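Subject: Structure for you to look at

Hello,

Here is the structure I said I would pass on. Please open it first and then read the notes below.

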Amino acid sequence: MNSGKSLKEFQEKLTTSRRIVALVGAGLSVSSGLPTFRGSQGLWKNFNMIDLATPDAFYIDPGLVWQFYSWRRYNALQARPNKGHVALAKLSELDGIEYITISQNVDGLQRRAGHNKDNLYEIHGSIFELRCTSFMCNFVAKDNFKHPLTPALQGTEQEYDVKSRKRSLHEEDASISPQFKPIKELSEEELPQCPVCKDGSLLRPGVVWFGEPLPLGPIDQVDNFIEDEDVDLVLVIGTSGTVYPANSYVDRIRAKGGSVAVFNTDIDQEILDGKVSKTWGFKGDAAVLLPLTLKPLIGEL
Ligand code: BJW
(Lines give C-alpha, C1' and ligand atoms only; values in the text may rest on other atoms or scores of the structure.)
Protein backbone atom coordinates (compact mmCIF):
# COMPACT_ATOMS: atom_id res chain seq x y z
CA MET A 1 0.00 0.00 0.00
CA ASN A 2 1.05 3.68 -0.24
CA SER A 3 2.83 5.54 2.52
CA GLY A 4 0.80 6.58 5.57
CA LYS A 5 0.87 10.17 4.35
CA SER A 6 -0.82 9.29 1.08
CA LEU A 7 -3.41 7.19 2.84
CA LYS A 8 -4.18 10.10 5.15
CA GLU A 9 -4.48 12.50 2.20
CA PHE A 10 -6.66 10.06 0.32
CA GLN A 11 -8.95 9.57 3.30
CA GLU A 12 -9.25 13.34 3.70
CA LYS A 13 -10.33 13.55 0.07
CA LEU A 14 -12.69 10.60 0.54
CA THR A 15 -14.45 12.08 3.53
CA THR A 16 -14.83 15.53 1.94
CA SER A 17 -16.05 14.22 -1.44
CA ARG A 18 -19.71 14.69 -2.22
CA ARG A 19 -19.88 12.82 -5.53
CA ILE A 20 -17.95 9.55 -5.89
CA VAL A 21 -17.73 6.97 -8.69
CA ALA A 22 -16.23 3.46 -8.48
CA LEU A 23 -15.16 1.84 -11.75
CA VAL A 24 -14.75 -1.89 -11.21
CA GLY A 25 -13.06 -4.64 -13.23
CA ALA A 26 -12.22 -8.34 -13.01
CA GLY A 27 -9.45 -7.82 -10.41
CA LEU A 28 -12.08 -7.20 -7.73
CA SER A 29 -13.37 -10.78 -8.08
CA VAL A 30 -9.94 -12.43 -8.06
CA SER A 31 -9.95 -13.12 -4.34
CA SER A 32 -13.42 -14.67 -4.80
CA GLY A 33 -11.67 -17.20 -7.06
CA LEU A 34 -12.60 -15.82 -10.49
CA PRO A 35 -9.94 -15.15 -13.14
CA THR A 36 -9.16 -11.88 -14.92
CA PHE A 37 -9.31 -11.52 -18.73
CA ARG A 38 -5.80 -10.45 -19.53
CA GLY A 39 -2.42 -11.69 -18.41
CA SER A 40 -1.65 -15.25 -17.39
CA GLN A 41 -5.04 -15.77 -15.72
CA GLY A 42 -7.02 -15.03 -18.87
CA LEU A 43 -6.91 -18.49 -20.38
CA TRP A 44 -9.54 -21.21 -20.57
CA LYS A 45 -8.34 -24.50 -21.99
CA ASN A 46 -5.61 -22.68 -23.96
CA PHE A 47 -8.07 -20.17 -25.42
CA ASN A 48 -7.66 -16.49 -24.70
CA MET A 49 -10.81 -15.52 -22.82
CA ILE A 50 -11.09 -12.26 -24.75
CA ASP A 51 -11.10 -14.17 -28.05
CA LEU A 52 -14.20 -16.05 -26.87
CA ALA A 53 -16.01 -12.85 -25.81
CA THR A 54 -16.85 -11.84 -29.38
CA PRO A 55 -19.90 -12.16 -31.65
CA ASP A 56 -17.65 -13.82 -34.27
CA ALA A 57 -16.58 -16.59 -31.89
CA PHE A 58 -20.23 -17.30 -31.08
CA TYR A 59 -21.23 -17.22 -34.75
CA ILE A 60 -18.41 -19.61 -35.75
CA ASP A 61 -18.73 -22.06 -32.85
CA PRO A 62 -21.63 -21.44 -30.45
CA GLY A 63 -20.97 -24.82 -28.79
CA LEU A 64 -17.45 -23.78 -27.80
CA VAL A 65 -18.56 -20.37 -26.54
CA TRP A 66 -21.48 -21.86 -24.58
CA GLN A 67 -19.11 -24.35 -22.88
CA PHE A 68 -16.91 -21.40 -21.88
CA TYR A 69 -19.86 -19.43 -20.49
CA SER A 70 -21.28 -22.50 -18.77
CA TRP A 71 -17.94 -22.86 -16.94
CA ARG A 72 -18.02 -19.14 -16.05
CA ARG A 73 -21.64 -19.37 -14.79
CA TYR A 74 -20.84 -22.38 -12.62
CA ASN A 75 -17.72 -20.75 -11.13
CA ALA A 76 -19.54 -17.49 -10.42
CA LEU A 77 -22.31 -19.44 -8.67
CA GLN A 78 -19.75 -21.22 -6.50
CA ALA A 79 -17.91 -17.97 -5.70
CA ARG A 80 -18.74 -15.72 -2.77
CA PRO A 81 -18.56 -11.91 -2.72
CA ASN A 82 -15.40 -10.75 -0.95
CA LYS A 83 -14.81 -7.83 1.42
CA GLY A 84 -14.05 -5.52 -1.52
CA HIS A 85 -17.55 -6.14 -2.91
CA VAL A 86 -18.98 -5.63 0.58
CA ALA A 87 -17.07 -2.34 1.02
CA LEU A 88 -18.60 -0.95 -2.19
CA ALA A 89 -22.03 -2.23 -1.16
CA LYS A 90 -21.64 -0.22 2.05
CA LEU A 91 -20.66 2.91 0.06
CA SER A 92 -23.76 2.44 -2.09
CA GLU A 93 -26.03 2.74 0.96
CA LEU A 94 -24.45 5.83 2.56
CA ASP A 95 -26.49 8.96 3.13
CA GLY A 96 -24.82 12.29 2.45
CA ILE A 97 -22.89 11.34 -0.72
CA GLU A 98 -23.95 10.84 -4.32
CA TYR A 99 -22.42 7.59 -5.44
CA ILE A 100 -22.45 5.11 -8.34
CA THR A 101 -20.60 1.85 -9.06
CA ILE A 102 -19.88 1.21 -12.74
CA SER A 103 -19.07 -2.49 -12.94
CA GLN A 104 -17.59 -4.16 -16.00
CA ASN A 105 -18.01 -7.53 -14.28
CA VAL A 106 -20.75 -9.93 -15.31
CA ASP A 107 -20.41 -12.32 -12.35
CA GLY A 108 -23.23 -10.89 -10.19
CA LEU A 109 -21.01 -10.78 -7.07
CA GLN A 110 -21.48 -7.05 -6.50
CA ARG A 111 -25.25 -7.49 -6.33
CA ARG A 112 -24.89 -10.54 -4.09
CA ALA A 113 -22.79 -8.42 -1.70
CA GLY A 114 -25.94 -6.35 -1.09
CA HIS A 115 -25.15 -3.34 -3.32
CA ASN A 116 -28.02 -0.89 -3.73
CA LYS A 117 -29.61 -1.73 -7.12
CA ASP A 118 -30.36 1.92 -7.90
CA ASN A 119 -26.72 3.02 -8.09
CA LEU A 120 -25.12 -0.11 -9.58
CA TYR A 121 -24.53 -0.09 -13.36
CA GLU A 122 -23.45 -3.45 -14.80
CA ILE A 123 -22.44 -2.03 -18.15
CA HIS A 124 -21.24 -5.34 -19.68
CA GLY A 125 -24.42 -7.19 -18.72
CA SER A 126 -24.72 -10.42 -16.75
CA ILE A 127 -23.84 -14.08 -17.37
CA PHE A 128 -27.09 -14.93 -15.60
CA GLU A 129 -29.12 -13.22 -18.31
CA LEU A 130 -30.09 -15.12 -21.48
CA ARG A 131 -31.15 -13.43 -24.71
CA CYS A 132 -32.61 -14.72 -27.95
CA THR A 133 -30.26 -14.33 -30.94
CA SER A 134 -33.10 -13.79 -33.42
CA PHE A 135 -33.59 -10.19 -34.63
CA MET A 136 -37.31 -10.89 -34.68
CA CYS A 137 -37.51 -11.89 -31.02
CA ASN A 138 -36.94 -9.86 -27.88
CA PHE A 139 -36.98 -12.74 -25.38
CA VAL A 140 -34.78 -12.04 -22.34
CA ALA A 141 -34.52 -14.16 -19.18
CA LYS A 142 -32.95 -12.35 -16.22
CA ASP A 143 -31.51 -14.03 -13.13
CA ASN A 144 -31.37 -17.51 -14.62
CA PHE A 145 -29.11 -19.44 -12.24
CA LYS A 146 -29.70 -22.93 -13.65
CA HIS A 147 -26.71 -25.21 -14.15
CA PRO A 148 -26.26 -26.91 -16.51
CA LEU A 149 -28.53 -25.02 -18.88
CA THR A 150 -28.91 -28.11 -21.09
CA PRO A 151 -27.92 -31.76 -20.49
CA ALA A 152 -25.11 -31.45 -23.06
CA LEU A 153 -23.51 -28.66 -21.00
CA GLN A 154 -23.19 -30.99 -18.01
CA GLY A 155 -19.51 -31.52 -17.21
CA THR A 156 -18.39 -28.01 -18.18
CA GLU A 157 -17.76 -27.15 -14.50
CA GLN A 158 -14.20 -28.45 -14.43
CA GLU A 159 -11.52 -27.12 -16.74
CA TYR A 160 -9.34 -30.17 -16.15
CA ASP A 161 -10.02 -33.86 -16.28
CA VAL A 162 -10.24 -34.76 -12.57
CA LYS A 163 -9.17 -38.37 -13.21
CA SER A 164 -5.93 -37.39 -14.94
CA ARG A 165 -5.13 -34.90 -12.17
CA LYS A 166 -5.71 -37.54 -9.46
CA ARG A 167 -3.56 -40.05 -11.26
CA SER A 168 -0.65 -37.65 -11.63
CA LEU A 169 -0.85 -36.57 -7.99
CA HIS A 170 -1.01 -40.21 -6.84
CA GLU A 171 2.05 -41.04 -8.87
CA GLU A 172 3.73 -37.99 -7.37
CA ASP A 173 5.07 -37.12 -10.78
CA ALA A 174 4.91 -33.37 -11.05
CA SER A 175 5.99 -33.56 -14.68
CA ILE A 176 2.57 -34.92 -15.67
CA SER A 177 0.29 -31.91 -16.10
CA PRO A 178 -3.43 -32.43 -15.66
CA GLN A 179 -5.25 -32.82 -18.95
CA PHE A 180 -7.84 -30.33 -20.11
CA LYS A 181 -11.26 -31.90 -20.34
CA PRO A 182 -11.89 -32.19 -24.08
CA ILE A 183 -14.13 -29.60 -25.68
CA LYS A 184 -17.31 -31.28 -26.89
CA GLU A 185 -18.62 -30.78 -30.41
CA LEU A 186 -22.16 -29.67 -29.69
CA SER A 187 -24.91 -29.17 -32.24
CA GLU A 188 -27.21 -26.15 -31.96
CA GLU A 189 -30.04 -28.46 -30.80
CA GLU A 190 -27.97 -29.31 -27.71
CA LEU A 191 -27.50 -25.64 -26.72
CA PRO A 192 -29.93 -23.32 -24.92
CA GLN A 193 -32.88 -22.57 -27.22
CA CYS A 194 -35.37 -19.71 -27.15
CA PRO A 195 -38.62 -20.88 -25.52
CA VAL A 196 -40.62 -18.30 -27.50
CA CYS A 197 -39.31 -18.57 -31.07
CA LYS A 198 -40.99 -21.26 -33.10
CA ASP A 199 -37.88 -21.84 -35.23
CA GLY A 200 -35.78 -22.81 -32.19
CA SER A 201 -33.38 -19.86 -32.25
CA LEU A 202 -30.33 -20.05 -30.03
CA LEU A 203 -30.12 -18.21 -26.76
CA ARG A 204 -26.90 -16.37 -25.95
CA PRO A 205 -25.42 -14.99 -22.73
CA GLY A 206 -26.73 -11.49 -21.93
CA VAL A 207 -23.29 -9.92 -21.94
CA VAL A 208 -21.70 -7.23 -24.12
CA TRP A 209 -19.13 -8.59 -26.53
CA PHE A 210 -16.52 -6.55 -28.43
CA GLY A 211 -18.04 -4.35 -31.11
CA GLU A 212 -21.50 -4.50 -29.53
CA PRO A 213 -23.26 -1.45 -28.13
CA LEU A 214 -23.62 -1.19 -24.37
CA PRO A 215 -27.09 -1.09 -22.77
CA LEU A 216 -28.46 2.35 -23.60
CA GLY A 217 -30.38 3.09 -20.36
CA PRO A 218 -27.50 2.44 -17.92
CA ILE A 219 -24.99 4.20 -20.20
CA ASP A 220 -27.20 7.29 -20.36
CA GLN A 221 -27.54 7.33 -16.58
CA VAL A 222 -23.78 6.97 -16.09
CA ASP A 223 -23.19 9.78 -18.63
CA ASN A 224 -25.66 11.99 -16.80
CA PHE A 225 -24.04 11.33 -13.43
CA ILE A 226 -20.61 12.27 -14.79
CA GLU A 227 -21.71 15.27 -16.85
CA ASP A 228 -24.47 16.83 -14.68
CA GLU A 229 -22.17 17.87 -11.88
CA ASP A 230 -18.46 17.40 -11.26
CA VAL A 231 -17.37 14.12 -9.69
CA ASP A 232 -14.93 14.68 -6.82
CA LEU A 233 -13.32 11.24 -6.75
CA VAL A 234 -13.19 8.12 -8.90
CA LEU A 235 -12.03 4.80 -7.44
CA VAL A 236 -10.51 2.66 -10.21
CA ILE A 237 -10.59 -0.91 -8.93
CA GLY A 238 -9.04 -4.04 -10.46
CA THR A 239 -9.31 -3.02 -14.10
CA SER A 240 -6.67 -2.83 -16.81
CA GLY A 241 -8.56 0.15 -18.25
CA THR A 242 -8.14 -1.19 -21.77
CA VAL A 243 -11.78 -1.34 -22.81
CA TYR A 244 -13.91 1.50 -24.12
CA PRO A 245 -16.17 3.10 -22.98
CA ALA A 246 -15.39 2.09 -19.38
CA ASN A 247 -11.85 3.50 -19.57
CA SER A 248 -13.09 6.85 -20.88
CA TYR A 249 -14.98 7.64 -17.64
CA VAL A 250 -11.75 8.05 -15.67
CA ASP A 251 -10.30 10.50 -18.22
CA ARG A 252 -13.55 12.46 -18.33
CA ILE A 253 -13.69 12.77 -14.54
CA ARG A 254 -10.01 13.73 -14.35
CA ALA A 255 -10.43 16.32 -17.13
CA LYS A 256 -13.13 18.03 -15.09
CA GLY A 257 -10.86 18.27 -12.04
CA GLY A 258 -11.77 15.06 -10.24
CA SER A 259 -9.26 13.02 -8.22
CA VAL A 260 -8.40 9.40 -8.98
CA ALA A 261 -7.52 6.49 -6.66
CA VAL A 262 -6.27 3.27 -8.24
CA PHE A 263 -6.57 -0.10 -6.46
CA ASN A 264 -4.67 -2.76 -8.37
CA THR A 265 -1.98 -5.41 -7.97
CA ASP A 266 -0.12 -3.72 -10.83
CA ILE A 267 0.25 0.08 -10.78
CA ASP A 268 2.53 2.46 -12.72
CA GLN A 269 5.54 3.45 -10.61
CA GLU A 270 4.87 7.12 -11.42
CA ILE A 271 1.52 6.91 -9.65
CA LEU A 272 3.00 5.05 -6.68
CA ASP A 273 5.72 7.71 -6.43
CA GLY A 274 3.03 10.38 -6.19
CA LYS A 275 4.13 12.01 -9.46
CA VAL A 276 0.70 12.02 -11.11
CA SER A 277 -1.38 14.94 -10.02
CA LYS A 278 -4.49 14.25 -7.93
CA THR A 279 -3.88 10.51 -8.16
CA TRP A 280 -3.30 7.90 -5.46
CA GLY A 281 -2.21 4.34 -6.06
CA PHE A 282 -2.91 1.48 -3.67
CA LYS A 283 -1.04 -1.61 -4.77
CA GLY A 284 -2.37 -5.01 -3.74
CA ASP A 285 -5.51 -7.08 -3.56
CA ALA A 286 -8.59 -4.86 -3.86
CA ALA A 287 -10.48 -7.18 -1.49
CA VAL A 288 -8.01 -6.26 1.24
CA LEU A 289 -7.35 -2.62 0.30
CA LEU A 290 -10.92 -1.37 -0.07
CA PRO A 291 -12.12 -2.17 3.48
CA LEU A 292 -8.94 -0.58 4.89
CA THR A 293 -8.85 2.60 2.81
CA LEU A 294 -12.60 3.28 2.84
CA LYS A 295 -12.91 2.72 6.60
CA PRO A 296 -13.51 6.41 7.50
CA LEU A 297 -16.73 6.26 5.44
CA ILE A 298 -17.94 2.69 5.82
CA GLY A 299 -16.59 1.82 9.26
CA GLU A 300 -15.08 -1.54 10.23
CA LEU A 301 -16.32 -4.49 8.16
C1 BJW B 1 -6.24 -6.99 -9.39
C2 BJW B 1 -6.23 -8.16 -8.66
C3 BJW B 1 -6.59 -8.04 -7.35
C4 BJW B 1 -5.67 -8.71 -10.62
N5 BJW B 1 -6.92 -6.84 -6.85
N6 BJW B 1 -6.55 -5.81 -8.89
C7 BJW B 1 -10.73 -1.11 -32.42
C8 BJW B 1 -11.42 -2.12 -33.10
C9 BJW B 1 -12.66 -2.58 -32.63
C10 BJW B 1 -13.24 -2.05 -31.48
C11 BJW B 1 -12.54 -1.06 -30.83
C12 BJW B 1 -11.32 -0.58 -31.30
N13 BJW B 1 -10.89 0.38 -30.44
C14 BJW B 1 -11.81 0.53 -29.46
C15 BJW B 1 -12.82 -0.33 -29.68
C16 BJW B 1 -14.03 -0.48 -28.83
C17 BJW B 1 -13.94 -1.74 -27.98
C18 BJW B 1 -12.65 -1.71 -27.16
O19 BJW B 1 -12.52 -1.04 -26.17
N20 BJW B 1 -11.64 -2.43 -27.59
C21 BJW B 1 -10.33 -2.37 -26.95
C22 BJW B 1 -9.91 -3.75 -26.50
C23 BJW B 1 -9.38 -1.75 -27.95
N24 BJW B 1 -15.09 -1.68 -27.11
C25 BJW B 1 -16.22 -2.24 -27.47
O26 BJW B 1 -16.32 -2.90 -28.49
C27 BJW B 1 -17.41 -1.99 -26.58
N28 BJW B 1 -18.50 -1.55 -27.34
C29 BJW B 1 -18.48 -0.39 -27.99
O30 BJW B 1 -17.54 0.37 -27.98
O31 BJW B 1 -19.62 -0.14 -28.69
C32 BJW B 1 -19.68 0.97 -29.58
C33 BJW B 1 -20.84 0.71 -30.50
C34 BJW B 1 -21.81 1.68 -30.61
C35 BJW B 1 -22.88 1.48 -31.46
C36 BJW B 1 -22.97 0.29 -32.19
C37 BJW B 1 -22.00 -0.68 -32.08
C38 BJW B 1 -20.93 -0.47 -31.21
C39 BJW B 1 -17.84 -3.28 -25.89
C40 BJW B 1 -16.82 -3.78 -24.93
C41 BJW B 1 -17.27 -5.09 -24.34
C42 BJW B 1 -16.22 -5.73 -23.47
N43 BJW B 1 -16.63 -7.03 -23.18
C44 BJW B 1 -15.86 -7.86 -22.27
C45 BJW B 1 -16.53 -9.24 -22.18
C46 BJW B 1 -17.81 -9.17 -21.36
C47 BJW B 1 -18.49 -10.48 -21.26
C48 BJW B 1 -17.74 -11.48 -20.46
O49 BJW B 1 -17.36 -11.23 -19.29
O50 BJW B 1 -17.52 -12.56 -20.98
O51 BJW B 1 -15.77 -7.25 -20.98
S52 BJW B 1 -14.13 -8.01 -22.74
C53 BJW B 1 -13.50 -7.98 -21.10
O54 BJW B 1 -12.73 -6.77 -20.87
C55 BJW B 1 -14.74 -7.88 -20.20
C56 BJW B 1 -14.25 -6.96 -19.12
O57 BJW B 1 -15.35 -6.38 -18.46
C58 BJW B 1 -13.41 -5.97 -19.89
C59 BJW B 1 -12.43 -5.22 -19.06
O60 BJW B 1 -11.51 -6.10 -18.48
P61 BJW B 1 -11.02 -5.83 -16.99
O62 BJW B 1 -12.15 -5.99 -16.06
O63 BJW B 1 -10.28 -4.57 -16.91
O64 BJW B 1 -10.07 -7.11 -16.76
P65 BJW B 1 -8.54 -7.27 -17.15
O66 BJW B 1 -8.24 -8.71 -17.10
O67 BJW B 1 -8.21 -6.55 -18.39
O68 BJW B 1 -7.77 -6.52 -15.97
C69 BJW B 1 -7.80 -7.02 -14.64
C70 BJW B 1 -7.01 -6.05 -13.78
O71 BJW B 1 -7.11 -6.49 -12.43
C72 BJW B 1 -5.52 -5.99 -14.12
O73 BJW B 1 -5.13 -4.61 -14.17
C74 BJW B 1 -4.85 -6.67 -12.94
O75 BJW B 1 -3.58 -6.12 -12.61
C76 BJW B 1 -5.82 -6.38 -11.83
N77 BJW B 1 -5.86 -7.36 -10.74
N78 BJW B 1 -5.83 -9.20 -9.53
C79 BJW B 1 -6.85 -5.75 -7.69
N80 BJW B 1 -6.58 -9.14 -6.56
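How far is an oxygen atom of the ligand from an N or O atom in the side chain of Ser-240? The distance is 2.5 Å, which falls under polar contact (a pair of N or O atoms within 3.5 Å; within protein, one must be able to donate a hydrogen and the other to accept it, and residues adjacent in sequence count only if both atoms are side-chain atoms).

This is a predicted model, in which local features need pLDDT of at least 70, side-chain atom pairs count only at pLDDT 80 or more, and totals for chains, interfaces and linings use all residues. Residues are numbered from 1 along each chain as its sequence is written, and side-chain values use heavy atoms, with hydrogens and water left out.

Arg-38 has a polar side-chain atom 2.6 Å from a ligand oxygen, and Tyr-244 has a backbone N or O atom 2.7 Å from one.

Now the domains. An automatic or database assignment sets the bounds: domain 1 is 1-34 + 81-124 + 213-301, and domain 2 is 37-78 + 126-207. Their centres, taken over C-alpha atoms, are 30 Å apart. Twelve residues of domain 1 and 13 residues of domain 2 make the contact (heavy atoms within 4.5 Å).

One salt bridge is counted between the domains (a side-chain nitrogen of Lys or Arg within 4 Å of a carboxyl oxygen of Asp or Glu). The side chains of Arg-111 and Asp-143 form a salt bridge at 3.4 Å, N to O.

Regards
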